[in-house]
Each structure stands twice: as C-alpha cells, then as structure tokens.
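Hello,

The structure we discussed is below. My notes follow it.

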Amino acid sequence: MSIFAFAFAFPMLFIFHGLEEVIGMRIFAFIGLTFHYVVHIGQAIVLRKYIPALATSIVCLPISILFLYLPFIHSPLFA
C-alpha cells in the first residue's frame with residue numbers, strides 16, 4: 001500500500017466509525033463497507049489483475065447495497 005493510499009484510507013475509517021458512534025446508526029458501517037468493496041473492485045479493474053479481496057467484494061457488494069436500500073424502501077417518506 002502506498003503512502004497516499006494509506007493517508008486516504010486511514011482517516012476514512014475514523015470518519016465512518018466516528019459518525020457511527022456519535023449518531024448511533026449502523027448505516028454508516030454499511031456505507032463504509034460499500035465504499036470499501038467498490039475500492040477493491042476498482043483496484044482490480046485499474047491493475048487489470050486479480051487481487052485477493054475481489055471475490056469477496058463481488059459477493060458482498062450486492063448484500064451491502066441491499067442493506068443500504070431497504071431502510072429507504074420502508075421509510076414513511078416513500079410511502
């Protein structure tokens with residue numbers, strides 16, 4: 001991992017975890033995970049080779065998106 005990648009990723013973990021603790025919503029964990037999966041898929045596309053997290057990201061990304069989408073479907077705003 002390059003210094004630039006670490007300098008970007010490390011504060012993102014604190015931001016999402018901090019929002020989760022302050023607001024008390026687990027939705028920020030799923031937002032962070034979804035972003036994490038997209039980054040791994042993007043890495044594989046840019047590098048044009050398999051990276052170890054690619055298979056897990058492809059499997060878990062739709063589940064994470066579903067968990068982000070379900071609260072909005074059942075929200076009174078969309079009723």
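Which pattern does the protein follow, read along the sequence? The pattern is α-α-α, with three helices and zero strands; helices (H or I, at least four residues) and strands (E, at least two) are DSSP runs, numbered from the N terminus.

This is a predicted model, in which local features need pLDDT of at least 70 and side-chain atom pairs count only at pLDDT 80 or more, while totals for chains, interfaces and linings use all residues. Residues are numbered from 1 along each chain as its sequence is written, and side-chain values use heavy atoms, with hydrogens and water left out.

Burial: of the 79 residues, 19% count as buried (buried is under 20% relative accessible area, exposed over 50%, partly exposed in between; 1.4 Å probe, protein chains only).

T34, in helix α2, is one of the residues to look at. T34 counts as buried because its relative accessibility is 12%. Leaving aside neighbours within four places in sequence, T34 is in contact (heavy atoms within 4.5 Å) with L61, S64, I65 and L68.

R48 lies in the loop between α2 (27-47) and α3. R48 is not a glycine, yet has a positive phi of about 55°. Most residues other than glycine have a negative phi. At 77% relative accessibility, R48 counts as exposed.

L70 lies in helix α3 (residues 54-73) and is partly exposed, because its relative accessible area is 31%. Together with V59, I63, L66, F67, Y69 and I73, L70 forms a nonpolar patch on the surface.

Regards

Terms used. Patches are made of residues with over 30% relative accessible area and no salt bridge: like charges are joined within 9 Å, nonpolar side chains (Val, Leu, Ile, Met, Phe, Trp, Tyr) within 5 Å. Accessible areas come from the Shrake-Rupley method with a 1.4 Å probe; for residues, only the protein chains shown count as cover. A salt bridge is a side-chain nitrogen of Lys or Arg within 4 Å of a carboxyl oxygen of Asp or Glu.
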